[in-house]
Every structure is written in structure tokens, then in C-alpha cells.
Amino acid sequence: MRLRQVVLVAADLEQVVGDLCEVFGIEVAYRDPDVAFFDLHNAVLAVGDTFIEVVSPLKDEAAAARYRARRGGDCGYMVMVQSDDYARDRARVDALGVRIVWSAELDDISGMHLHPRDTGGPLLSLDEPRPPAAWRWAGPDWHKLTDVGNARAVTGVEIADPDPATRAGRWSEILAWPVQRDGDAWQIQLERGALRFVDAPSPTAVGLTQIDLALRDPDVALDRAAQRRIEHTADTIVIGG
């Protein structure tokens with residue numbers, strides 16, 4: 001298993017996409033018309049062979065709009081983990097009593113979104129692309145952008161929760177991947193990419209709160225953030241919540 005894509009939900013799609021592209025030098029690989037099914041429009045940005053997707057609700061009653069409202073604004077929305085055996089994972093999810101809110105089985109990929117009330121934290125998706133190096137959700141041309149820009153890969157996410165140990169344990173069950181204590185956090189280290197669970201500092205700061213990126217030159221990203229007057233510290237840039 002590996003971390004393959006993370007999703008943000010934003011009120012202003014183009015503002016957040018523009019900030020990500022300018023600060024990290026990455027580009028939009030795909031805008032998927034099919035996300036209209038979820039009352040969304042989107043942009044998928046290539047970061048090597050991993051991806052950041054930004055979605056924005058088209059209707060106030062969209063699930064993503066309701067989630068954004070509960071979180072108090074733009075925020076992390078979904079974690080997408082690449083599976084190497086979808087049938088096995090589907091059987092385990094069913095055995096654990098985790099509900100599936102959406103699924104698809106296509107020629108080149110199978111995927112399922114798991115009910116957040118059964119997993120806790122952000123929406124979790126398990127997807128098996130065929131072949132393993134493919135990724136349908138990023139469109140047909142993302143391979144042309146794998147070496148573009150400063151950002152090289154999405155390497156991890158941080159998930160805040162009032163009970164991070166329990167939440168990490170639940171995700172460990174679902175993914176069948178071990179969890180380990182790492183200082184004040186609990187971490188699931190996948191084959192590529194880490195899922196880190198930490199204490200939530202406030203009731204609204206719950207869910208996907210941080211994305212870790214490998215950069216060729218962090219100083220360039222920080223300089224660009226400063227030029228755009230984006231909130232940042234020595235190792236953190238705040239975009240999309």
C-alpha cells in the first residue's frame with residue numbers, strides 16, 4: 001500500500017489551485033467532469049506520481065460543502081491509499097462492518113470511499129489501479145508532469161483527532177498495516193507515505209490538517225509564499241486551510 005492522493009475542499013477552487021501551483025511550481029494535470037456527480041468541480045495537480053486534488057462544491061447541500069462548514073472553512077477532505085489487492089481489502093472492510101459510500105470497478109481501476117463515521121477522521125479511499133503505476137483519477141496526461149516544479153512527492157499526511165491512538169488503531173485495522181508510536185503521534189508507515197495521527201488542538205481542527213511534501217528547494221517555496229503573502233513558518237505553508 002502507498003499514499004497516492006490527498007484531497008482538499010475549498011470555497012474558491014482557482015485561488016487555492018493558483019497558490020499551490022505558484023508556490024510549489026506544480027501544474028494541473030486534470031479537471032474531471034465526472035466529479036459533478038458529487039456536486040463538485042475540481043483540479044488534480046501532479047506531484048511526481050502522487051497527487052493533490054482540490055474540490056469545490058457546486059451546491060450548498062453537497063457532502064463536501066457540509067464537511068467544509070463543519071470544519072469552519074477550507075480544509076483537508078480525503079486520503080486516497082493505493083491498494084495492491086482490492087478484493088482482499090473489500091472483504092476485510094466488509095468484515096469490519098465499514099460502510100462504503102461510493103465504489104467503482106472499471107477496467108483500469110477499482111476504488112471505494114469508506115463512510116467517515118465508520119473510520120473516523122477524513123474520508124478514506126482505497127483504490128487499486130491496473131497496472132499499479134497508473135492512476136485514472138489524474139487523467140490521461142499526468143505522466144508528462146512527473147518532473148515538473150519544486151515539489152517531488154506527497155510523502156505523508158497528518159490527521160488530528162481527539163483520540164489519535166484509537167483513530168490510528170481503527171485505520172490500522174482497515175488497512176491491515178501496523179501502527180507505531182512516534183513521540184506524541186501514532187504513525188502508519190506505508191510502503192510509500194506515512195499516515196500520522198496527532199491530538200486535535202480544537203474541535204474544528206479535526207481531520208486532515210497537514211500534507212507533507214518532498215521539495216527540491218524548500219527556500220524557493222517559502223520565498224514564493226512570502227511574495228503572495230501566504231501565511232508560513234520555517235517549514236510550513238498554509239494553503240487551503
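**Helix α2 and its sheet**

Q: Which strands does α2 lie across?
A: Helix α2 lies across β1, β3, β4 and β5, running at about 125° to β5. Helices (H or I, at least four residues) and strands (E, at least two) are DSSP runs, numbered from the N terminus. The angle, on a scale from 0 to 180 degrees, is between N-to-C directions of lines fitted to C-alpha atoms, for helices over the stretch in contact (heavy atoms within 4.5 Å).

Q: Before I go on, what kind of model is this?
A: This is a predicted model, where local features need pLDDT of at least 70 and side-chain atom pairs 80 or more, while totals for chains, interfaces and linings use all residues. Residues are numbered from 1 along each chain as its sequence is written, and side-chain values use heavy atoms, without hydrogens and water.

Q: Back to α2, then. Which of its residues are buried?
A: In α2, which spans residues 63–71, they are A64, A65, Y67 and R71. Buried means under 20% relative accessible area, exposed over 50%, partly exposed in between (1.4 Å probe, protein chains only).

Q: Why do those four end up on the same side of α2?
A: They cover an arc of only 160° around the axis, so they sit on the same side of α2. The arc is taken from the directions from the helix axis to the C-beta atoms.

Q: And which residues are exposed on the other side of α2?
A: There you'll find A69 and R70 exposed.

Q: What do the buried ones pack against?
A: The buried residues of α2 pack against β1 (2–9), β3, β4 (50–57), β5 (75–82) and β13 (207–215).

Q: What comes just after α2?
A: G72 follows, and takes a positive phi of about 85°.

Q: New topic: how many strands form the open sheet?
A: There are 8 of them, in the order β2-β3-β4-β1-β5-β8-β7-β6, with mixed pairing. Two strands pair if DSSP finds at least two bridges between them.

Q: Which strands stand at the edges?
A: β2 and β6 do, and each has a single partner strand, so one side of each is left without a neighbour in the sheet. On average, neighbouring strands of this sheet are turned by 25° against each other, direction ignored.

Q: How do β5 and β8 run, parallel or antiparallel?
A: They run parallel, and 5 bridges join β5 to β8 (residues 123–129). M78 stands opposite L123 in β8.

Q: Which strands does α5 lie across?
A: Helix α5 (residues 164–175) lies across β5, β7 (109–114) and β8, and runs at about 25° to β8.
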